[in-house]
Amino acid sequence: MPHNTVEADIDAMTEDLRTLVEVESPSRDLDALRASAKAVAGVIERRLGGQAALVESEAGPHVHWSGGGEPKVLILGHHDTVFPLGTLARRPFTVADGRATGPGVFDMLGGLVQAIHGVALVEDRSGVEILVTADEEVGSHSSRALIEERALACGAVLVGEGAAEGGALKTGRKGCGTFHVAITGRASHAGLEPAAGVNALIEAAHQVLDIAALGRPDIGTTVTPTVAAAGTLDNVVPAQATVTVDVRVESAEEKERIEAAFAALAPHLDEAEIAVTGAVGRPPMPESAAAGLFAVAQQLLPGIEAVAVGGGSDGNFTAALGVPTLDGLGAVGGGAHADHEYVVIDAMAERAQLIAGLVNALQHPEGNETVRAP
């Protein structure tokens with residue numbers, strides 16, 4: 001375990017986690033996110049002092065706290081969750097058998113609590129910034145510029161997203177994005193004049209096969225059609241269809257190839273039209289961006305492992321700027337976005353102390369040659 005003169009208080013961390021979970025915060029629900037941002041700011045101010053600013057945006061308030069002084073490390077997280085209002089009534093915050101459960105505990109309210117308590121273990125908090133955004137689960141469109149600004153100013157980023165299996169840190173992430181393909185045909189009576197129509201559903205079937213063929217899983221590129229819709233009535237040739245596609249890539253070259261391929265999609269049926277929107281919005285997070293920080297984490301917590309994962313986070317943005325970024329520092333647990341989501345309570349103190357050790361190393365890089373290695 002990383003050495004600190006003061007250990008994190010598990011009971012206090014659990015109560016703070018309860019506080020955040022019991023203020024539901026579904027993405028895009030501005031009223032709920034305002035309440036959640038105030039709750040996050042309250043926990044930060046209670047544990048760290050100072051004032052946490054609410055940064056208004058079209059997606060809801062982001063929360064920003066600074067310990068003052070020259071910026072040296074940005075701790076990054078989000079307070080929005082994927083769970084709709086009412087989930088808490090069905091699945092209330094509960095602690096049993098060494099686990100905390102409830103909507104958002106693992107992704108990523110547990111990580112926020114650990115980060116805050118980790119910074120609380122640091123005697124001198126100058127140079128430390130915490131940014132908790134309101135729209136990570138829906139693409140970070142309103143927060144990306146602020147994330148990138150603070151990452152560049154600080155020069156190092158610690159991401160409090162949930163740990164990988166077994167508590168491993170995340171040193172690489174795929175770039176990810178969503179594409180929407182809208183197909184326009186022409187309606188006609190399916191019985192009287194089927195040939196007079198242009199069947200958007202048949203065109204969509206062709207496009208799904210073309211799109212799926214773009215994948216290159218051998219080099220980490222997955223292209224997965226996920227949602228499709230077409231038609232209005234069972235006796236009408238459909239005039240409209242839509243296809244939604246999830247894309248994951250490991251390299252900038254594949255990002256460019258996939259985006260060009262979607263732009264070049266062409267209809268198979270005469271008179272059908274295709275419109276494509278979307279992009280690989282989160283660039284790949286190369287493992288090189290985490291190398292120096294992971295080496296420090298290994299010194300602090302010998303035996304800790306690291307993996308590259310397919311999911312994206314806001315760490316993708318900071319790593320793509322060349323800012324050293326270490327992800328997966330959040331809760332040990334599992335079940336992100338699912339009803340069985342949980343956090344291992346006994347691991348919370350160790351993760352908070354790991355954050356504290358990393359912050360100390362970044363505040364005093366002269367004592368560790370690996371801390372800012374690219």
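Here is a walk through the cores and the aromatic contacts of this structure.

The model is predicted, so local features need pLDDT of at least 70 and side-chain atom pairs count only at pLDDT 80 or more, while totals for chains, interfaces and linings use all residues. Residues are numbered from 1 along each chain as its sequence is written, and side-chain values use heavy atoms, with hydrogens and water left out.

Let's start inside. A nonpolar core here is a set of buried Ala, Val, Leu, Ile, Met, Phe, Trp, Tyr and Cys residues joined through side-chain atoms within 4.5 Å; buried means under 20% relative accessible area, with a 1.4 Å probe and protein chains only. The largest such core has 59 residues, and Leu17, Ile44, Ile75, Leu158 and Leu326 touch the most other members. Among the elements giving it two or more residues are α1 (10-21), β3 (73-78) and α10 (348-363); helices (H or I, at least four residues) and strands (E, at least two) are DSSP runs, numbered from the N terminus. The top contributor is α10, with 10 residues.

Now for the rings. The whole structure holds one aromatic pair, where pairing needs ring centres (six-membered ring for Trp) within 6.5 Å, and planes under 30 degrees apart count as stacked. Phe179 and Phe262 are stacked, 4.0 Å centre to centre with 5° between the planes. Phe179 lies in strand β9 and Phe262 in helix α7, so the pair ties together parts 83 residues apart in sequence. Phe179 is buried at 1% relative accessible area, and Phe262 is buried at 1% too.

How values were computed. Buried < 20%, exposed > 50% of the residue type's maximum accessible area, 1.4 Å probe, protein only. Phe/Tyr/Trp six-rings, centres within 6.5 Å; stacked < 30°, edge-to-face > 60°.
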